[in-house]
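Me: Hi! I'm new to this one, could you walk me through it?

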Amino acid sequence: MTRISFLFFIGLAISLNAQGTLTGFTPETSQKQLQLEAAFEAQLNPENLDLWMQKMAAEPHWVGTEYGRKNAEWLKKQFTAWGYDTKIETYHILFPYPKRRSVRMTEPTPYTAKLTAVPVAGDPYTGQGDALLPSYNAFSTDGDVTADLVFVNYGIPEDYETLEKLGIDVKGKIVIAKYQGSWRGIKPKLAAEKGAIGCLIYSDPKDDGYVRGDVYPKGPFKNKTGVQRGSVMDMPTYPGDVLTPGYAATKNAERLDRKEAPTITKIPVLPISYEDALPLLTALEGPVVPKSWSGGLPITYHVGPGPAKVNLTLEFNWSIIPAHNVIATLKGSQFPDQWVMRGNHHDAWVHGANDPVSGMVALMEEARALGELAKNGNTPKRTVVYCAWDAEEPGLIGSTEWVEDHKQMLQQKVVAYINSDSNGRGFLNAGGSHSLQQMVGEVANVVKDPQTGVSVGQRKKALNLVKGRKPGFRLYALGSGSDYTPFIQHAGIASINLGYGGENAGGEYHTIYDTYPHYVRFKDPEFAYGVALANTAGRITMRMANADILPFAFAPWYETVNGYLENIVKSCTTLKKEVEQYNFLVSEHAFELAADPKKTFVRPKKKEVVPDLDFGPIQKELEALKKSIATLTAIDITILDKKQKRKLNGQLLLAEQALTSDQGLPRRPWYKHQIYAPGFYTGYGVKTLPGVREAIEEEHWDEARAQISVLAKTLQKFNAHIEKCTRVFK
């Protein structure tokens, strides 16, 4: 035995001793699987990622561009060469391109916004002139509005509550909000609900600029002319093509009239640089902002309204354009009708070296290595499907249309969807269905961190300890923001989202500065974490594909979901006390103030009393689930015959779908999942047990009672499914 082989088997023994038998595998197949994964890892080559990034990010390639189409054709060629049956599936989607953009301050001092980012020395990609996509927010409506300006901080619900306390109304005004604090699409959505007629968004240097560090090209952070593009489509209502809600945007699909599309903003909205924001904010008067609202510009921040008056003019070319999804299939050797899906998008707002090419090239190297194993006789047992999605940036459009087009087939065949997006240096970030937490944690304990030499799982656990988080390895809950959304939240397919980061901060996101030179200087210079992503996602994909029994573990799921419910119950108790205290203060102090004739007093309104909600039906079903899950967990898979394994796998494949409801969430039926959803007013941010939680947060008590019933019935259905899984011996 060579020294390398000896060290490999020592490492293998350590992995097995630390983890026990791999989830879903027998002791014998666990050892074979780890040997196969080691062979897979040995093939991963960072030079490939480097070369492919230079190729894909050489020119701007937003959806509908010629270079975007060329990238799709090139990807198809690569996957085919690696042994995959590859095709391009094209959808025809609505996409707005800016024809006219103008921001002018007319009072008290005229100023016309530049709306142009400057090229920087040493990065020729930033000097490609007219080839660069102008900065704008996709799915803003057209508009020509003039009004006083009001500063609304991040433009989230809490900020409008503060404005109300200050006696400031944004009705009929144009608001200016800082990026961050929430997903960008929430800012114009809330502003419109509050009566504003226009919205500007800028990146404040305190959050995303020189306050955080040197700006590009000296450092990674946003310089004064950089602007973050991005979609403001109302994705919490539904993602995908705005004209074909719930069904595929095929060439001849019936489409809504654009004026009827509910996910296009109600008011015009445009992103601007902090260079262009400074004169506007300087001209504001009115109250000085609360301390927490102050940013990093060299001014005293005021709320307004006015005397700054602004004209915002936007006009778009609304065209139907092609979106090209690349679908590459490696047929399974034993279970070809069970699919493991792996995806990353390929479109970008401009060059997109970090977002999304860093994730895309990791997926490619993973697929290449898996293809090599298959050529050498190690074809995965289940079919593996690699996907390169188009039109993710304007609203998860490519993946959503594909899922809507093939939903019934996917629900019958797909065991899990594994997603990635941008990637960089740092810690493993993993979210997803908590039934997969145990398996992902086992993989994390095997993959080595490029910087520290310990496993990425150990490094993440250490971070959690330092941050005061719960110990152990845990998946975060999925909200939205990438291509897993249609799989888990619409089709009910178990999903995972993966990426590395935390030590790669910068201000290039969705700007002209997200280029290859920026990436190799500040993000992942040696593509070591690109290889780590390929290794992590590849091992997860291979375990899903080769497991004797699909590697779902429902005990972590129960612990997590039960924790969500406990959190909601606790929040109700807290809210009830807060309302009671508020109403008491109103009653007591109202008479004191009213009795003083020198004081003008407007009696505050009492808040509606928080009712006692009965969570018993949910708690009852969770208790029943705890018992059923314990029974399922106790099954010894080594004694199952082929027929029993096939029967159990068939049921496990469908388990996540049992957590969906056909009626969907209130006011947004596209979202079917009853455990995870993006928040209606958070956008990307998750709301767990969303129907119940959001009804309580919005103090809609009748709806809360109704959603408690819906969730209880969903859990009852899920329990019946788990019980069906336990009856494999019958």
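**A first look**

Reply: Happy to! In helix 19, the buried residues are Pro690, Gly691, Val692, Arg693, Glu694, Ala695 and Ile696. Buried means under 20% relative accessible area, with exposed over 50% and partly exposed in between (1.4 Å probe, protein chains only). Helices (H or I, at least four residues) and strands (E, at least two) are DSSP runs, numbered from the N terminus. This is a predicted model: local features need pLDDT of at least 70, side-chain atom pairs count only at pLDDT 80 or more, and totals for chains, interfaces and linings use all residues. Residues are numbered from 1 along each chain as its sequence is written, and side-chain values use heavy atoms, leaving out hydrogens and water.

Me: Why is helix 19 largely enclosed by the rest of the structure?
Reply: Because seven of its eight residues (690-697) are buried.

Me: And what follows helix 19?
Reply: Glu699, whose phi is positive, near 60°.

Me: New topic: where is His510 found?
Reply: His510 sits in the loop between strand 14 (495-502) and helix 14 (516-522).

Me: Is His510 buried or exposed?
Reply: His510 is buried, at a relative accessible area of 4%.

Me: Which side chains make a polar contact with the His510 side chain?
Reply: The side chain of Trp349 does, at 3.4 Å, and that of Glu393 does, at 3.2 Å. A polar contact is a pair of N or O atoms within 3.5 Å; within protein, one must be able to donate a hydrogen and the other to accept it, and residues adjacent in sequence count only if both atoms are side-chain atoms.
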